[in-house]
Structure formats: structure tokens, C-alpha cells
Amino acid sequence: MAERPYIVGNWKMNGTRAMLSEARAIDRAAQRYMKVEVAVAPPYTLIHAVHKEAEQIGVGAQDCHAGPEGAHTGDINAPMVADAGAKFVILGHSERRQDHAETNECINAKIESAIDAGLRVILCCGETLETRDAGKAEEFVLGQLKAALPKFEDPAERLTVAYEPIWAIGTGRTATADDIAAMHGAIRQLLVDTYGEEASAMVRILYGGSVKPENAREILATPEVGGALVGGASLSAESFLGIVVGASESDES
Ligand SMILES: O=C(CO)COP(=O)(O)O
């Protein structure tokens, strides 16, 4: 990998204050792997507490509302997560698209509001198995990105893309190295076309979907894979740190 690998734990709807000990363990151990950028996105309820624990790791949110503060019961906007200590936000995750009917346009609005609030953004994309089997995976993923990518001239410093094939999330299945390389290559080309060669070179493309300590090294050594977005395996410090170690080793290879 050319750039510093970025390993991000997405805790999804998991974690009470009992999880703070895992965050602390991740943070302390991450100090030994400075060549890897490590971050976690706990649920909203833990952002501030994890932020207080974290000396080394980045802390982010899993979503935010696109609008200014106001009458939206139960919602949390970008300035609010930034105030809680988040430095980034994951947007467009397939579980949000599915559970909350989020469209590419709504995700685009969220990205712009997050960038306005000074947050970095991890924009997720990925196809269903049906779409892949129909031979339309690339067209679908690039369509998601074209519609959601921010229109600012140079958001590259603030942007990370995560490719997460839906059929690989939480299933134990991972895409083959060839499939990952092909999709990441297509995403890279879209970024170059959108932001130019220099700015897009700063955008890392993460892979997500059943990344574990056992497969991390191989996945992270795949061309154009700049890191991993990790769900299940990020819930214990031991397995998450196994992936961080894999990233530090694949960086040396
Ligand atoms: O959705 C994911 C991360 O955002 C991936 O989840 P798993 O690692 O549990 O497959």
C-alpha cells in the first residue's frame, strides 16, 4: 500500500459503557503501530466517552442528519457529532440505505453538511449479490458514487471511500482479491475523473465485508486497497488489533 493504511471499526448498534475498556485497549495498542491510522465509530451514545479515552485513535460517528438544528426528533446533525468529539462520519452504509431508505441524493446532502462541519467522511458503496450475478456490480457502484460524491472542487483531503459488497457484510464471505482489485481500480478511475489525479491520490479506498485477522493481510495487500472498514471483528480489541497488525505487516511487504 502506498499511503498509510486506515483501519476503521464500525461498531454499528453495539456497545454500552462496558465497551469502553475495548476502546481503551485498542487505543493503547495502536500507539505501537503508528504506521497504521486506526479509528472507531461507536454508536452516538459512546462518542464522547470514547473520545475522552482516545489518545491515538480517531473517533467518528456512523451517520448524521443533513440539516441544521431544529425539530427532528431523534436525529443528530453533523455539528452535534463534531461537538461530541467525532472527527469523521461514516455515510451511505448499506444498512442505512436499507433500514432508513437513504438515497444517493440524501447521502450527498449529508456529506456536504459533514464537510461544512469540519468532519472527514467515509462514503460507503456496494452492490447486492443479485446485482453482481447480473454482471452489473461496477456500473451500480460507480452510479452510487457519481450521485453521492461531494461537488466541492477539492474535498479529497476530507474524503475516504469504502467499498462494501452487501453480500460480504457479516456473512463470512469476502470478495476475491481479483474482484476487489477490479472494483477499487474502477473507483480510483472515477475519483481521478472527478477530482483530478493529484487530489484523488489522497483519497483512500477501504474494503469492508467480513474482514478478520485471518484474511486482513491478503486483502490489505490488494492493489488500491487503502485500508479496511470492519464490523463484527472490531467489537473485540483482540480481533480488531489482529487486523491492525495485518495492516502494519502488509505495509512492509
Ligand atoms: O459493514 C461492515 C463495516 O461497515 C462490515 O461488517 P462485517 O465486518 O461484520 O462484515
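A residue counts as near a molecule or strand if its C-beta atom, placed from the backbone, lies within 6 Å of it. Of the 14 residues around the ligand, the nearest are Asn10, Ile169, Gly208, Gly231 and Gly232. The shell around the ligand is made of five nonpolar, eight polar and one charged residue. In this grouping, Ala, Val, Leu, Ile, Met, Phe, Trp, Tyr, Cys and Pro are nonpolar, Asp, Glu, Lys and Arg are charged, and the others, Gly among them, are polar.

The model is predicted, so local features need pLDDT of at least 70 and side-chain atom pairs count only at pLDDT 80 or more, while totals for chains, interfaces and linings use all residues. Residues are numbered from 1 along each chain as its sequence is written.

**Strands**

Strands (E, at least two residues) and helices (H or I, at least four) are DSSP runs, numbered from the N terminus. Two strands pair if DSSP finds at least two bridges between them.

| Strands | Bridges |
|---|---|
| β1 (residues 6–10) and β2 (residues 37–41) | five, parallel |
| β5 (residues 120–125) and β6 (residues 159–163) | five, parallel |
| β6 and β7 (residues 204–208) | four, parallel |

Val8 has Ala39 in β2 as its bridge partner. Val161 in β6 stands opposite Leu123, and Thr160 has Arg204 in β7 as its bridge partner.

How covered is strand β6? Five of its five residues are buried, so β6 is largely enclosed by the rest of the structure. Buried means that 20 or more other C-beta atoms lie within 10 Å of a residue's own (exposed: 12 or fewer; partly exposed: in between), with C-beta atoms placed from the backbone. On one side of β6 are Leu159, Val161 and Tyr163, and on the other Thr160 and Ala162, all buried. Strand β2 is mostly covered as well, with five of its five residues buried.

**A helix pair**

Two packed helices are described by the angle between their axes and the distance between the axes. Helix α7 (residues 137–148) and helix α8 (residues 177–195) pack at about 35°, with axes 10 Å apart. Axes are lines fitted to C-alpha atoms, for helices over the stretch in contact, and angles run from 0 to 180 degrees between N-to-C directions. Residues are in contact if their C-beta atoms, placed from the backbone, lie within 7 Å. Among those meeting are Val141 and Leu145 in α7 and Ile187 and Leu190 in α8. By class, this contact of α7 with α8 has eight nonpolar, no polar and two charged residues.

Methods. Contact = placed C-beta atoms within 7 Å.
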